[in-house]
Amino acid sequence: MRILYSLLLGTSVLGMSLPGFAAMPKDNPMVFGNARLSVITPTLLRLEFAKDGKFVDEPTLFAYDRTSMLPMDSIKITDLGDNRYEIVTSALTINYHDDGFPFSTSNLMVYYDLNGKRKKFTNRFLPKNNLGGTVETLDRVTREIPMDDGLLSRDGWYMIDDERTDLLTPDGWIRPRDTNTHIQDQYCFIYGNDYRSALASLGAISGRVPMTRKYIHGVWYCRYWDYTSDEFLDIIRGYDENDFPLDNIVFDMGWHTNDATLGTGHNGHLNWNGYTWNRELIPDPKALIDSVHARGVTVSLNDHPHDGIRPHEHNYAEFAAAMGAKDGEVPLFDLSDRRYMDNFFKYAHRPSEDMGVDFWWLDWQQNYLYPHVRGHHSTSLSWINELYYRDSQQGNRRGAGYSRWAGWGDHRHPIQFSGDAQANWEM
């Protein structure tokens, strides 16, 4: 009798989920038992499956904007019987069979138009004609290389799997998601020939590219060289005398001291990372920055933060006290630790910013040491780009980032650079 009563009500028997008894969805996102289908735009679908029916509404570094969702009155849904549904947007016809299993080639088919023909999409990720995107860096690249995938494809679709990414908590930090129960989170961009809609869909889920500071688009001067204060001013004078514009001058690694004796270092050197001004080259940093600003030019500093703040820095004692470090203990750079990063920005960046430094060149190259944020799935580059960009917005300013490309979602942290491109005919 209990089993018959449960079947009539469409509930569960002995804790087992029974597909096919969920009422036809009235809202978007559409819940079918442990599956959830979200129609974000007419050409963008989100496919989720959670064993306990607890879906993810927190943002991620890719799925940053959860506010966009196609109104239900723009969607037509028809119950075809036998737990099958047809869902229609202005661009797609979706046939879904609520069989109680994750979305697959067996229960989901999406039809779209491409070059005047009707095509079928399934979430089996087999891209063939992708038009290419970008790569993280051109460091050590000396000839043509394959590009990473881009969003646009001659197949008329692309899919991004966001299942293993960390979640952004309400207080702005990251935490790993529960991958034991939440086992599917796919974003299906199905746009046919309408590439503009694909890019609009990316903005709808991943956020728009923010407005940059105007001078970012001007002329920059940068050379890997240990310049003195007078030499920096001579460079600007040369631009003025030749009536050539200059908007930003970069102080490369010579701006800070190179007397570190502790740390992991990079490229066989301990001195790439530093935050204490080199007073032999630049005796009065604030006076130099003021002089540069007086000439209508902004100042940016090269930064390799992988070793954090070490004992040779001018304010290490204050930093160590703020971190509660014991005698002789040097805190390791830790992107996962909010306390560390707050103190890092306070003691590594603020002193130079208080002198007038306009923004930082995040020259992060340590992925071989720290490929991921400690204890998380996020790459170190994606999270450090986010943190640096946020910090650059202090004082109600537009953000200013300059770093290598960290993948989907990093368009929110403009601008990116190629890395150390080689100057040869092959390139």
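The lining of the largest cavity is made up of ten nonpolar, eight polar and six charged residues. The structure is a predicted model. This briefing covers that cavity, the nonpolar cores and the salt bridges.

**Cavity**

- The structure holds one cavity of 30 Å³ or more.
- The volume of the largest cavity is about 200 Å³.
- Its lining consists of 24 residues, and those nearest the centre are Trp-360, Tyr-388, Ser-392, Ala-400 and Gly-401.
- At least two lining residues come from each of helix H6 (338-354), strand S16 (359-362) and helix H7 (380-392).
- Helix H7 supplies the largest share of the lining, five residues.

**Nonpolar cores**

- In soluble globular proteins, nonpolar side chains tend to be buried together.
- The largest nonpolar core here has 50 residues, and the ones that touch the most other members are Ile-249, Phe-251, Trp-277, Met-341, Phe-344 and Trp-383.
- Two or more residues of this core come from each of helix H3 (229-241), strand S14 (248-251), helix H4 (285-294), strand S15 (298-303), helix H5 (316-323), H6, S16 and H7.
- H6 gives the largest share of this core, six residues.
- Beyond its neighbours within four places in sequence, Trp-277 has contacts that include Phe-251, Trp-255, His-256, Ile-289, Leu-301 and Met-355.
- There is also a second, separate core of 26 residues, with Val-39, Tyr-85, Tyr-112 and Ile-190 among them.

**Salt bridges**

- Side chains of opposite charge can pair when their charged atoms come close.
- The count of salt bridges in this model is 22.
- Arg-310 and Asp-307 form one of them, at 3.4 Å from N to O, and both residues are buried.
- Asp-391 and Arg-350 form another, at 2.6 Å from N to O.
- This pair links distant parts of the chain, since Asp-391 lies in helix H7 and Arg-350 in helix H6, 41 residues apart.
- Asp-391 counts as buried because its relative accessibility is 13%, whereas Arg-350, with a relative accessible area of 21%, is partly exposed.
- Within helix H7, Glu-386 and Arg-390 are four residues apart, about one turn of the helix, and they form a salt bridge whose closest N and O atoms are 2.8 Å apart.
- Glu-386 is buried because its relative accessible area is 2%, while Arg-390, at 28% relative accessibility, is partly exposed.
- One network, joined by salt bridges that share partners, contains Arg-36, Arg-46, Glu-48, Asp-57, Asp-162, Glu-163, Arg-177 and Asp-185.

Conventions
Residues numbered from 1 in each chain as written. Predicted model: local features only at pLDDT ≥ 70, side-chain atom pairs only at ≥ 80, totals over all residues. Heavy atoms only, no water. 1 Å grid on protein atoms, 1.4 Å probe; cavity = no way out; pocket = protein on both sides within 12 Å on 5 of 7 lines; lining within 4 Å. Points joined across faces, edges and corners; volume = space filled by probe spheres on them. Nonpolar A, V, L, I, M, F, W, Y, C, P; charged D, E, K, R; others polar. Core = buried A, V, L, I, M, F, W, Y, C linked by side-chain atoms within 4.5 Å. Buried < 20%, exposed > 50% of the residue type's maximum accessible area, 1.4 Å probe, protein only. Contact = heavy atoms within 4.5 Å. Salt bridge = Lys/Arg side-chain N within 4 Å of Asp/Glu carboxyl O.
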